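User: I would like to learn how to read the features of a model. Please take me through them one at a time.

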Amino acid sequence: DNLASLRCAGIAGQIKTINTDYTMESCYTTEKASVSLVTKNTKANYIGGIIGLCNDGMKDCVNRAAVNVTISEKNTTTEITYIAGIAGRHVRTMDNCDNYGHIVADMAKSTNKLYSAPIVGHCFAATTVVSNCTNSGNLTITNAGHTAKIGKIVGYGPAGYTVTGTTSTGIVTVNGKVLE
């Protein structure tokens, strides 16, 4: 299967380098911006209000843009879709980042696993740290079948990742039910 991966976001689709410093600092989207995506089920989907896939640190970033995703066509891929208000998938340190944007995803035709949350869809490494971040945007996932890992701050991560001083007041709804 030669499907490509998709990286879509309000600021950057992907930052590939791995540094010890913050690569994304003091960036923001406005409420007039939006990340809207209608796509077939690609190999992997990295979708975020600020960044789709971030291998470096993030600091003082703010997302106010809406994130709207619809998977419009099934494929045979068994990869993962990552959707979040700040970063779809994050590897290193995220500090003092805020999400105000609402996220709506219709996964009716997706065969991918789904990792989604208002701040980070997937903390990739056990050493990933998410600190002092806030969320007030709502996350609404419809037709979340298959394996879905959905959270109020982080969707999924390996044992050992750290979340400190981070809060979420947004409502997370999955298939019509509020996530407590």
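User: Leaving aside its neighbours within four places in sequence, which residues is I51 in contact with?

Analyst: First, the ground rules. This is a predicted model: local features need pLDDT of at least 70, side-chain atom pairs count only at pLDDT 80 or more, and totals for chains, interfaces and linings use all residues. Residues are numbered from 1 along each chain as its sequence is written, and side-chain values use heavy atoms, with hydrogens and water left out. Contact means heavy atoms within 4.5 Å. Beyond four places in sequence, I51 touches A9, A12, G13, Q14, I15, M24, M58, I86, A87 and G88.

User: Which residues have the most contacts inside the largest nonpolar core?

Analyst: A nonpolar core is a set of buried Ala, Val, Leu, Ile, Met, Phe, Trp, Tyr and Cys residues joined through side-chain atoms within 4.5 Å. Buried means under 20% relative accessible area, exposed over 50%, partly exposed in between (1.4 Å probe, protein chains only). The largest core here has 20 residues, and M24, I50, I51, M58, I86, M94 and I119 have the most contacts inside it. Strands β2 (12–15), β6 (51–54) and β16 (120–123) each supply at least two of its residues. Another core lies apart from it, with 18 residues, among them V35, I47, M107 and I141.

User: What is the strand order in the open sheet of 4 strands?

Analyst: Strands (E, at least two residues) are DSSP runs, numbered from the N terminus. Two strands pair if DSSP finds at least two bridges between them. The order is β8-β13-β18-β23, with parallel pairing. β8 (62–63) and β23 (167–168) are at the edges with a single partner strand each, so one side of each has no neighbour in the sheet. β13 (residues 98–99) and β18 pair over 2 bridges.

User: Where is N135, and is it buried or exposed?

Analyst: N135 sits in strand β18 (residues 134–135). N135 counts as buried because its relative accessibility is 2%. Opposite N135 stands N99. Their side chains make a polar contact at 2.8 Å. That term means a pair of N or O atoms within 3.5 Å; within protein, one must be able to donate a hydrogen and the other to accept it, and residues adjacent in sequence count only if both atoms are side-chain atoms. Beyond four places in sequence, the contacts of N135 also include P118, I119 and T167.

User: What is the order in the open sheet of 5 strands?

Analyst: It runs β1-β5-β10-β15-β20, with parallel pairing. The edge strands are β1 (6–9) and β20 (148–150). Between β10 (residues 80–84) and β15 (residues 113–117) there are 5 bridges. I83 stands opposite S116 in β15.
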